[in-house]
Amino acid sequence: MEKHNSVMVSTIDKGDLVLITGVSGFIASHTANQFLEAGYRVRGTVRSLEKADWLYKLFDEKYGKGKFEASVVPDMMAEDAFNEAVKGVAGICHMASVMSFSDKPDEVIPIVVKGALNALTAATKEPGMKSFVYTSSSTAALMPQPDKDIKVTTDTWNDDVVHQANASPDPWSVYGASKTEAERAIWKAVKETNPPFQVACILPNANMGPILKPGAEHESSTASWVVKLYEGDESVLDTIPPQWFVNVQDTGRLHLIGLIDPECNGQRVFAFAAPFTFNDVLAILRKFRPQKSFPEDKEGLGKDLSQIPKEPAELLLKKHYGKGFADLEETIKANIATLD
């Protein structure tokens with residue numbers, strides 16, 4: 001996609017080194033790809049070097065050797081977890097999180113909060129640091145509630161999910177609480193310490209779209225929902241409620257924009273493209289694979305009626321890339337591109 005040079009001032013320069021934590025993940029690998037494509041260098045953290053093997057292969061072939069490098073951070077709870085990884089970097093996208101979907105709050109929430117604060121603290125120790133982005137989540141603002149009118153603003157916090165995670169935890173409430181508490185901790189620390197660099201948070205809803213890692217169709221976060229449905233697994237129809245989606249490439253682009261555009265300083269950027277149901281997904285699957293049999297539509301799914309402040313994110317995409325959010329059809333087509 002052609003980039004538009006409408007930003008006269010950028011917090012970091014082309015060729016600068018950017019740190020992306022948890023870089024082997026579905027969203028983080030796309031974010032790294034966007035930075036490399038735009039002319040930045042990327043250092044990505046992984047828990048072990050083996051997790052970066054496929055990234056070296058992909059990025060060395062695509063952008064040439066030396067543009068991507070990996071740094072091992074085995075435990076983001078350690079006080080000095082990111083101190084080595086931040087050396088010489090101009091910006092950080094802290095994307096590493098706990099994706100175990102454990103229903104035990106103590107195994108998730110403290111680690112996510114501490115990891116985020118450790119990344120922010122490490123950023124303050126690097127004299128060349130100019131910008132910091134935290135990957136929050138839609139769940140820091142709301143959980144999907146079909147057929148319910150919910151108005152979300154940039155000041156909306158998901159206190160309900162934090163209460164649920166403490167009172168009667170399940171995997172989704174624990175995950176949502178971890179993201180809510182970590183993002184809130186970031187903004188609290190920023191207010192208290194007034195760091196000398198830009199800070200923004202990106203809140204994406206369900207990420208779908210192309211899967212960069214070969215053979216990872218079943219381990220690619222929310223993109224695996226589409227894969228399951230493609231393969232005839234109807235469980236997502238019963239367990240995943242209607243909600244908003246976003247193309248993972250747009251989420252990666254918004255992380256880049258959040259890091260380089262001064263307009264994003266102090267902002268919560270909502271990466272929400274449009275609401276969808278899995279019946280919508282099934283219609284698209286039938287269109288692109290007419291020879292294949294898919295599950296029947298499910299009745300009574302309802303619709304996501306929430307009102308989301310997505311317009312600033314849409315305008316940022318248009319400002320930098322000349323195009324707003326990718327639609328569901330384009331996204332699903334890319335999501336199944338590697339499937340027979």
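User: Let's start with β6: how many bridges join β6 to strand β9, and which way do they run?

Analyst: Four bridges join β6 to β9 (residues 268–271), and the two run parallel. Strands here are DSSP runs of E, at least two residues long, numbered from the N terminus, and two strands pair if DSSP finds at least two bridges between them. Before we go on, this is a predicted model, where local features need pLDDT of at least 70 and side-chain atom pairs count only at pLDDT 80 or more, while totals for chains, interfaces and linings use all residues. Residues are numbered from 1 along each chain as its sequence is written, and side-chain values use heavy atoms, with hydrogens and water left out.

User: Is β6 buried or exposed?

Analyst: Seven of the seven residues of β6 (198–204) are buried, so the strand is largely enclosed by the rest of the structure. Buried means under 20% relative accessible area, with exposed over 50% and partly exposed in between (1.4 Å probe, protein chains only). Both faces are covered, with Gln198, Ala200, Ile202 and Pro204 on one side and Val199, Cys201 and Leu203 on the other.

User: Switching topic: what is the order of the open sheet of three strands?

Analyst: The order is β7-β8-β10, with mixed pairing. β7 (206–208) and β10 (274–276) are at the edges with a single partner strand each, so one side of each lacks a neighbour in the sheet.

User: How is β8 joined to β10?

Analyst: By three bridges, with β8 (residues 243–247) and β10 running antiparallel. Gln243 has Phe276 in β10 as its bridge partner.

User: Which strands does helix α8 lie across?

Analyst: α8 (residues 248–260) lies across β7 and β8, running at about 70° to β8. That angle is between N-to-C directions, on a scale from 0 to 180 degrees, with axes fitted to C-alpha atoms, for helices over the stretch in contact, where contact means heavy atoms within 4.5 Å. Helices are DSSP runs of H or I, at least four residues long.

User: How many of the residues of α8 are buried?

Analyst: 12 of its 13 residues are buried, so to speak mostly covered; among them are Leu254, His255 and Ile257.
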